[in-house]
Amino acid sequence: QVQLVESGGGLVQAGGSLRLSCAASGSIFSIMTMGWYRQAPGKQRELVAAITSAGSTDYSDSLKGRFTISRDNAKNTVYLQMNSLKPEDTAVYYCSADVSTTYRGVHFGYWGQGTQVTVSS
């Protein structure tokens, strides 16, 4: 019923930038928090950044200043601008969203399929 589709990943040299996008579609009534997580090989998935429908943001302490999350509520889309990328940022980046499909319905968490970001040294 709800799909999240990420785009914008790829290969970039250290110091470069990438902008990830994630569009939510389907039977959506409202979306609360949207966020980005990442998972590097052999590591647990970790929060990168999150943003509420009102625009309040939360970042991983280690990424503050380099990554910026934003969203377009009219398009049900969340973005992640990543600057000054480092090889240790290499990971699969996943989009998440808390979505309700009905009026006053419960919000459930959905995940995208992930997009690979590779930063070469």
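**View 1. The largest nonpolar core of this predicted model has 29 residues.** Four of its members touch the most other members: Trp 36, Leu 80, Met 82 and Tyr 93. Strand 1, strand 3, strand 4, strand 5, strand 7, strand 8 (77-82), strand 9 and strand 11 (115-120) each supply at least two residues. Which strand gives the largest share? Strand 9 does, with five residues.

**View 2. Phe 67 sits in strand 7.** Is Phe 67 buried or exposed? Its relative accessible area is 2%. Buried means under 20%, so Phe 67 counts as buried. Leaving out residues up to four places away in sequence, Phe 67 touches Arg 38, Val 48, Tyr 59, Leu 80, Gln 81, Met 82, Asn 83, Leu 85, Asp 89 and Tyr 93. Leu 85 lies 18 residues from Phe 67 along the chain. The C-alpha atoms of Phe 67 and Leu 85 are separated by 9.0 Å.

**View 3. Four strands make an open sheet in the order 1-3-8-7.** The pairing is antiparallel. Strand 1 (2-7) and strand 7 (67-72) stand at the edges. Each has a single partner strand, so one side of each is left without a neighbour in the sheet. On average, neighbouring strands of this sheet are turned by 15 degrees against each other, direction ignored.

**View 4. Strand 1 runs antiparallel to strand 3 (residues 18-26).** How many bridges join strand 1 to strand 3? There are six. Look for Leu 4: opposite it, in strand 3, stands Ala 24.

**View 5. Strand 4 (residues 30-39) pairs with strand 9 (residues 91-100).** The two strands are antiparallel, and eight bridges link them. Which residue of strand 9 is the bridge partner of Ser 30? That partner is Ser 100.

**View 6. Strand 4 also pairs with strand 5 (residues 46-51).** This pairing is antiparallel too, over five bridges. Arg 38 has Glu 46 in strand 5 as its bridge partner. Strand 4 and strand 5 form a hairpin, with six residues between the strands. In this hairpin, Gly 42 takes a positive phi near 80 degrees.

Conventions: Residues numbered from 1 in each chain as written. Predicted model: local features only at pLDDT ≥ 70, side-chain atom pairs only at ≥ 80, totals over all residues. Heavy atoms only, no water. Pairing = 2+ DSSP bridges. Axes fitted to C-alpha atoms, helices over the stretch in contact; angles between N-to-C directions. Buried < 20%, exposed > 50% of the residue type's maximum accessible area, 1.4 Å probe, protein only. Contact = heavy atoms within 4.5 Å. Core = buried A, V, L, I, M, F, W, Y, C linked by side-chain atoms within 4.5 Å.
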